[in-house]
Amino acid sequence: MKNKKYSRALVWLLTAALLVTAVLPVSALSFTVGNTVDGIGTIVSSESSTVAQGLAYNKTTFTDKNGMGQSLYTMEFNPASTGYIPMMYQAKPSYGCTTEKSIAAAQAEGYEVLGGINGEFGSANVENWGTLDSRMITNGRIIADSENCDVMCLAFDNTGKFQLVQSKMVYHFYVEGSEVFNAAGGAPVIGSINKRYVGTNWWSPFCYFDYATGGNTYTNENVKGVEVVFNKLDGTELTVEGILQGEVVSVNTDAYATAMTENQFVLYAQNGSDNYARLAQLKVGQKVQIYAEETNEASKEIMKNAVTVTAATYPIVVDGKDNSYNTPNAEDIEWTDAQRTAIGVKEDGTLVFVCVDGRGTSDNFNEGINLHDLAQLMLTLGCKHAVNLDGGGSTTMVAGDETKLTYGRGVSSSMLIVKKTGAYADADEKAALKTVIDKATAQSYTGAQQAAVNAAIAKANAVYNNADAATADYVRERGNLLLAMGEIKNVLPKDYISLNVEDWSYDSAKIQAFNVGGALKINNTDGLWPLASYGCKIKVAAGSKLFFDVTVADKAVFTLMINGEGTIVNSYIAPNNIDSGTGDIIGGGKTFKGEIDLSQIVQGDFELTGIGVQTVGVAGVSSQVTIRQLDIRGAYETGDVDGDYYVNSNDARLALKALLKTAELTEQQETAADANADGDLTAADIRAILMKSVGLL
């Protein structure tokens with residue numbers, strides 16, 4: 001995306017010209033003076049005005065149920081009829097910035113801004129005021145996030161549709177196709193996106209920074225470390241369920257506040273941290289990838305297609321019902337009368353921005369309201385869903401060119417009302433998308449890939465040909481098409497376990513790994529406990545088993561990452577060879593072969609997300625671990641007709657009896673016997689079972 005510098009006057013001139021085409025009238029909130037309104041109180045005054053065609057502003061004063069005078073400020077519009085959409089924005093996502101300053105910064109980038117309110121909660125640490133607590137997506141790009149943050153999110157698509165979803169993002173980092181895991185725990189090694197911390201105690205995972213920070217990392221001379229600069233490749237960006245391609249430009253040690261351009265990003269690890277060596281060993285020219293994974297399957301498509309996302313810490317109205325008693329409320333937020341900010345959506349998609357003044361100077365005016373009263377207020381305003389945003393001294397509303405309410409505090413983000421223009425629908429990005437569409441159309445692919453490419457071409461053409469720039473995201477569609485074409489290496493976790501050394505991640509300064517006769521051999525070279533890890537994404541059915549065949553020359557630890565959490569399985573592999581003090585496997589050159597009933601570790605279906613192996617001993621070959629087999633199987637998989645977890649001649653014999661009508665199979669057995677999955681049991685299936693039993697299939 002290119003920065004565009006427009007004058008404030010020019011932006012408003014363009015605004016006026018575009019608004020002439022709007023045809024639907026303003027649907028303004030209005031109240032009759034003297035009337036008593038449920039959830040609000042007795043109306044004292046009410047004044048409405050039009051900010052822009054289709055965007056209404058209202059200020060109402062009322063006497064609440066406690067006899068206190070209150071001031072209510074609202075803006076409302078319908079994205080479907082106006083073309084305006086909400087956008088979470090922050091000029092620098094880890095610094096407090098007033099909503100007015102964020103509006104000015106957004107306008108300087110080419111956004112047409114019609115108003116806004118303050119956004120989600122940020123850090124209250126005086127030295128770090130303004131750092132967003134969790135997640136923010138702006139214009140489809142991930143701007144800020146925290147490690148493994150599992151949070152309710154408010155997501156808007158490119159039509160302005162409002163959705164509440166539970167979201168947990170994980171950031172996978174790959175070097176030349178192999179995933180790098182956090183040495184401290186085996187989880188993905190990238191821990192934060194564009195976050196600023198204070199003091200000297202940063203954390204072990206890598207910190208990611210890009211140009212959203214304003215052109216350099218947030219590190220300082222008190223937290224020097226290795227900072228590696230990467231060029232972004234193939235026009236890719238950090239997007240949900242997308243793959244950011246990068247190439248190492250420079251490796252800067254004992255560094256801080258490293259500069260970057262708009263088309264670069266930086267990864268940082270603090271001096272002395274567990275993962276320092278993993279980053280410092282990168283070389284100029286190496287290719288890397290970052291896969292931003294939404295791990296909640298139910299939220300994947302919503303998050304992937306969202307234009308704007310923010311954490312929704314306090315969803316106070318859900319499906320037309322008061323949800324304020326079900327949110328994780330701190331007592332001061334829940335019950336204290338104070339300034340409040342909220343956003344809600346009506347049944348027809350109309351969005352309502354709300355601010356309530358508070359903590360006034362007198363005993364009977366503008367005392368503010370508590371969270372539960374705010375929920376009732378949003379219901380009274382007709383909201384089907386509503387989210388409480390950061391209130392108190394952060395409370396701000398800007399309508400058009402006028403600040404209607406503010407306390408002047410720098411906030412962690414702002415929810416702006418924008419009309420998509422220049423920065424969204426960049427002509428150069430559109431031309432680049434057309435180039436990739438033409439290339440994909442001219443090339444031939446095979447099998448399932450051709451179908452995937454055709455689908456991606458169709459979607460890319462729909463975006464390219466859409467006359468409404470409000471729905472154009474050329475960068476994201478180009479990335480999706482390149483991925484389908486295979487020109488961006490697909491580094492998504494595999495749905496199988498591989499013993500190929502190139503599929504495993506390890507610190508080559510501490511471990512040597514190689515293949516011998518199909519076995520993975522891992523040599524410890526420094527006598528410490530370095531980690532060799534394998535990233536996977538395997539759906540595991542209840543009753544499955546892990547089959548293993550390993551040799552440990554000295555000591556070792558085996559860890560399974562189950563649903564993202566590490567579980568040490570030493571006692572299942574070598575129960576009689578466990579050090580009673582540490583729980584380590586004491587190998588002494590012994591081979592361990594067998595199976596683990598995974599139901600002993602976790603109940604029901606689950607997901608295996610990774611495997612970790614650590615080895616220690618005298619540096620060199622004497623500390624070797626050799627892995628010949630790691631294989632997960634369920635009963636009655638294809639060919640396993642008798643359900644004993646093995647495919648052999650017994651299964652072929654049972655299938656033959658069923659074919660000859662001398663044995664009757666259960667439905668589960670019939671599915672396992674139908675080896676070619678054509679719906680019929682034939683001699684071809686028996687042949688396939690026999691071939692599989694001897695390793696020919």
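Let's start with Asn35, which comes out as partly exposed at 40% relative accessibility. Bear in mind that this is a predicted model. Asn35 sits in the loop between α1 (8-19) and β1. Leaving aside residues up to four places away in sequence, Asn35 touches Gly41, Thr42 and Ile43. Arg478 is another story: 443 residues along in sequence and 55 Å off in space, C-alpha to C-alpha.

Next, the sheet. It is an open one, with 9 strands in the order β1-β2-β3-β4-β22-β21-β23-β19-β20 and antiparallel pairing. Strands β2 (residues 41-52) and β3 (residues 55-63) run antiparallel and are joined by 9 bridges; Thr50, for one, has Ala56 in β3 as its bridge partner. Lying across β1, β4, β19, β20, β21, β22 and β23 is helix α7 (residues 371-380), at about 40° to β19.

On to charges: the count is 18 salt bridges, including these:

| Pair | Closest N and O atoms |
|---|---|
| Lys537 and Glu297 | 3.6 Å |
| Glu347 and Lys384 | 3.6 Å |
| Arg628 and Asp549 | 3.2 Å |

Arg628 is in strand β37 and Asp549 in strand β31, so this pair ties together parts 79 residues apart in sequence. Here Asp549 is buried at 12% relative accessible area, while Arg628 is partly exposed at 35%. As for Glu347, it counts as exposed at 63% relative accessibility, whereas Lys384 is partly exposed at 29%. Finally, Glu293, Glu297 and Lys537 are linked in a salt-bridge network.

Technical notes
Residues are numbered from 1 along each chain as its sequence is written. This is a predicted model: local features need pLDDT of at least 70, side-chain atom pairs count only at pLDDT 80 or more; totals for chains, interfaces and linings use all residues. Side-chain values use heavy atoms; hydrogens and water are left out. Two strands pair if DSSP finds at least two bridges between them. Helices (H or I, at least four residues) and strands (E, at least two) are DSSP runs, numbered from the N terminus. Contact means heavy atoms within 4.5 Å. Axes are lines fitted to C-alpha atoms, for helices over the stretch in contact, and angles run from 0 to 180 degrees between N-to-C directions. Buried means under 20% relative accessible area, exposed over 50%, partly exposed in between (1.4 Å probe, protein chains only). A salt bridge is a side-chain nitrogen of Lys or Arg within 4 Å of a carboxyl oxygen of Asp or Glu.
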